[in-house]
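Q: I have a model open and would like to learn how to read its features one at a time. Could we walk through it together?

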Amino acid sequence: MSDASGTSVRGSAVTRGSRRQAPPRFYFSLRSPYSWLAYRDLLAHAPDVVELLEWRPFWEPDEASARALTAAGGHFPYVAMSREKHLYILQDVRRLTCERGLEATWPVDREPCWEVPHLAWMAAADAGRGQAFLARAYRARWQEGQDICDPSVIGALAVELGLPAERLAGAAHDPHLRERGVAALLDVHRDGVFGVPFLVDGYDKYWGTDRVSVFVQSVRERQLGGRGKSGKVNAPMPLADTVARSADTGHSGGCG
């Protein structure tokens, strides 16, 4: 599995003329259980497509990032989530994890700063360990119930991965990573991303875990001719693994 390219880490607009030739994108969020499940489904059922992906982070900016994003001409789509929707998502995620043989531990977010884990992911990707960090951070949040917005938790994960703890734990205070984070949020704005998982293949966009299989088919047909690296025709992703619906960007306790 390849790590994120410089483009996906730093953020840069893809012009309309070059969009069809651009690699497929996966907008992920470490906050979202639906993004976590889509990530796992892709790794389990479409490793050939995973190898082609540009990884793009999506997170709710703090005040500093929001101001910088506005100054750069962008905005972040935010829709407040009702209590009823939040309760439904709790039930839905429990059902979906059981279908996949997983046991999720719902984390508690206390005044989270989502720059902490997502800018740390950028730092890890710089060191060629973006995928390892993503896998470990998802597990920490959704299977161990850890607070990945706590810099000390990020530092501990960095140590496990053989990465510099201070750099990852302090990523949200690094001016250069902050600047790149705003560029990444501008890509969210330019690609019209309103929730996760959000996948882009050429001009086509796909939102939600129930669209992952369609995205995979599109990428295989457009980029691989329906065949993997071995030259063999790839089997479609199992429908049972792509039933979930994604939430919008509104969060009231840790999903979306």
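Predicted model: local features only at pLDDT ≥ 70, side-chain atom pairs only at ≥ 80, totals over all residues.

Q: Which side chain makes a polar contact with the side chain of Ser-218?
A: The partner is Tyr-206, and the two side chains make their polar contact at 3.4 Å. Ser-218 itself lies in helix H12, residues 212-223.

Q: Is Ser-218 buried or exposed?
A: Buried means under 20% relative accessible area. Ser-218 has a relative accessible area of 15%, so it counts as buried.

Q: Where is Ser-32 found?
A: Ser-32 is in the loop between strand E1 (25-28) and helix H3 (33-45). Ser-32 and Trp-142 are separated by 110 residues in sequence and by 9.1 Å in space, C-alpha to C-alpha.

Q: How do I read the ends of a helix?
A: Look for a cap at the start and for the backbone angles after the end. Asp-62 caps the N-terminal end of helix H5 (residues 63-71), with a side-chain oxygen 3.3 Å from the backbone nitrogen of Ala-64. After H5 comes Gly-73, whose phi is positive, near 95°. Helix H7 is likewise followed by a glycine, Gly-128, with a positive phi near 75°.

Q: Which residues touch the most other members of the largest nonpolar core?
A: They are Phe-26, Leu-42, Trp-55, Phe-133 and Leu-168, in a core of 64 residues. Helix H7 (residues 115-126) gives the most to this core, with 7 residues.

Q: How many residues of H7 are buried?
A: H7 is mostly covered, with 11 of its 12 residues buried. Among them are His-118, Trp-121 and Met-122.

Q: What span should H7 have at 1.5 Å a residue?
A: The expected span is 1.5 Å times one less than the number of residues. For the 12 residues of H7 that gives 16 Å, and the end C-alpha atoms are 16 Å apart, so the two agree.

Q: How is the packing of two helices described?
A: Two packed helices are described by the angle between their axes and the distance between the axes. Here, the axes of H7 and helix H11 (residues 175-190) come within 10 Å and cross at roughly 105°. That makes H7 roughly perpendicular to H11. On the H7 side the contact is made by Glu-115, Leu-119, Met-122, Ala-123 and Asp-126, and on the H11 side by Leu-177, Arg-178, Arg-180, Gly-181 and Ala-184.

Q: Why do residues three or four places apart in an α-helix point the same way?
A: An α-helix has 3.6 residues a turn, so residues at that spacing point the same way.

How values were computed:
Residues numbered from 1 in each chain as written. Heavy atoms only, no water. Polar contact = N/O pair within 3.5 Å; in protein donor to acceptor, adjacent residues only side chain to side chain. Helix = DSSP H or I, 4+ residues; strand = E, 2+ residues; numbered from the N terminus. Core = buried A, V, L, I, M, F, W, Y, C linked by side-chain atoms within 4.5 Å. Buried < 20%, exposed > 50% of the residue type's maximum accessible area, 1.4 Å probe, protein only. Axes fitted to C-alpha atoms, helices over the stretch in contact; angles between N-to-C directions. Parallel < 35°, antiparallel > 145°, perpendicular 65-115°, else oblique. Contact = heavy atoms within 4.5 Å.
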